[in-house]
Amino acid sequence: MIEVLAKLGRGPVFLAGEVLECVITFTNPLSATSTSASSEMLAWASAQIHCQFHTSENRVALPPSDGSKHDVQAENETVFVPNRGERGQCILSTPPKILFCDLRLDPGESKSYAYCETLPIDGPPSFRGQSVKYVYKLTIGCQRVNSPIKLLRVPFRVLVLQGLKDYQFPQDEAVAPSNPFLEEEEGLKKDSRLADLATELLMVATSRRSLHLYNISNTRGKVGTFCIFKTVYKIGEDVIGTFNFSEGDIPCLQFSVSLQTEESIQEEFQRRRGQPVSFSTHARHQESCLHTAQSSFSLPIPLSSTPGFTTNIVSLKWRLHFEFVTSRESAGTCLLRGSQSEAITWTGVEQMDVDTFSWDLPIKVLPTNPILASYVSQFSSTNSITI
């Protein structure tokens, strides 16, 4: 019996273009109850990253796939197929890397191997939508002699920052003498700077503040104004906005604000022409606001949510969805005087004529530091199997 343990050193969330590092340990455990222990042999072990693409057949119509490619792998084959038995299509994969051949482990002995691979910067982000799913996994395959291949799958999350791949790194060492033996080291240095660069770009994009003021009105007149200081956010931030109803001509009885994503399939891949867009609500604020001069809301963007993105098949956009309930009467008629006694009681009317209307404000949601997103990830940094 051999235990295989895979551990992601920094956590299960990465930016596209970063280097994924995983330490894979093979152990021949020494059992305290065992009277006889023997050495164990493994013929080989390999590792590869791949992205699986799933779709809802009711919503997405994909062209027929190549029938010559089979994901099914016979039990006695020695071919490493990382996506064997997986649902959907493998749309992205890195070259497989061999960890070892002919490994012998004595009782109680362990050996560890480091796997490093740069995540493709032009791939899609991890996403689990109503119509489409993109799932990333690191698959480790190993085999005993004359035994079936065993696969250990390590799921992880990928965040994509649009435009990062087009950034040109400055030539800081242009005056330094070139050394061909340092080419690999320079490549690793560039990869290590990628996360810092992404953090800086995100900070610049989301820290800009300017007053955005919108008039809220319906067909009968002005209801109030809405103020927001920025429309670009990172996941994990709060969307904060304020209302001013004091300048309105129409009484607002109630409002609600929903933080939503809009998942739309590109027209050429829609199962039915003109099929509706899918919406998901991540946070919501509702408030009764009659005789309220000012109000505000704060909606958190979940760290587990997917930033906006677009591929050739699907696009995801973020928005604030507002709903307002207004009175057709003046504010003074919304209350009734209870009696003529010294103690005056005011009560609300039982029935009112109202109008309702809605409004959508697009916002932009970007990724955040992957280390921060790792704290709330549903994936574990450590996975294991026994073979």
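This note goes through the predicted model point by point, from its overall make-up to particular residues and pairs.

1. Basis of the note. The model is predicted, so that local features need pLDDT of at least 70 and side-chain atom pairs count only at pLDDT 80 or more, whereas totals for chains, interfaces and linings use all residues. Residues are numbered from 1 along each chain as its sequence is written, and side-chain values use heavy atoms, with hydrogens and water left out.

2. Overall make-up. The protein contains 23 strands and two helices, where helices (H or I, at least four residues) and strands (E, at least two) are DSSP runs numbered from the N terminus. Of its 387 residues, 42% count as buried; here buried means under 20% relative accessible area, exposed means over 50%, and partly exposed lies in between, with a 1.4 Å probe and protein chains only. Among contacts with a separation of 6 or more, 76% are between residues 24 or more positions apart, a contact meaning heavy atoms within 4.5 Å.

3. The structure holds 11 salt bridges, each defined as a side-chain nitrogen of Lys or Arg within 4 Å of a carboxyl oxygen of Asp or Glu. One of them joins E40 and R144, with 2.6 Å from N to O; E40 lies in strand β4 (residues 40-55) and R144 in the loop between β9 (132-143) and β10 (149-159), and the two are 104 residues apart. E40 counts as buried at 15% relative accessibility, while R144, at 21%, is partly exposed. A further salt bridge joins E86 and R153, at 3.1 Å from N to O, and it links the loop between β4 and β5 (89-93), where E86 is found, to R153 in strand β10, 67 residues apart. E86 is buried at 17% relative accessibility, and R153 is partly exposed at 24%. These two residues also belong to a salt-bridge network that includes K137.

4. The R319 and D360 pair. In the salt bridge between R319 and D360 the closest N and O atoms are 2.9 Å apart. Because R319 lies in strand β19 (residues 314-327) and D360 in strand β22 (residues 354-366), the pair ties together parts that are 41 residues apart in sequence. R319 is buried, with 12% relative accessibility, whereas D360 is partly exposed at 35%.

5. Nonpolar cores. A nonpolar core is a set of buried Ala, Val, Leu, Ile, Met, Phe, Trp, Tyr and Cys residues joined through side-chain atoms within 4.5 Å. The largest one has 83 residues, and L20, F26, L138, F156, F243 and L320 have the most contacts inside it. Another core, of five residues, lies apart from it and includes A43, W44, F80 and I149.

6. The position of D102. D102 is in strand β6 (residues 97-105) and, at 58% relative accessibility, counts as exposed. Leaving aside residues up to four places away in sequence, D102 touches L42, A43 and W44; D102 and W44 are 58 residues apart in sequence, yet their C-alpha atoms are 5.9 Å apart in space.

7. Aromatic pairs. Rings of Phe, Tyr and Trp (its six-membered ring) pair if their centres lie within 6.5 Å, and planes under 30 degrees apart count as stacked, over 60 as edge-to-face and the rest as tilted. By this rule there are 25 aromatic pairs. The rings of F53 and Y134 have centres 5.1 Å apart and planes at 25°, so this pair is stacked; F53 in strand β4 and Y134 in strand β9 are 81 residues apart, and both are buried. F243 and F255 form a tilted pair, with 4.5 Å between the centres and 50° between the planes. F243 lies in strand β14 (residues 238-244) and F255 in strand β15 (residues 252-265), and both residues are buried. One aromatic cluster includes F243 and F255, along with Y214, F226 and W359 among others.
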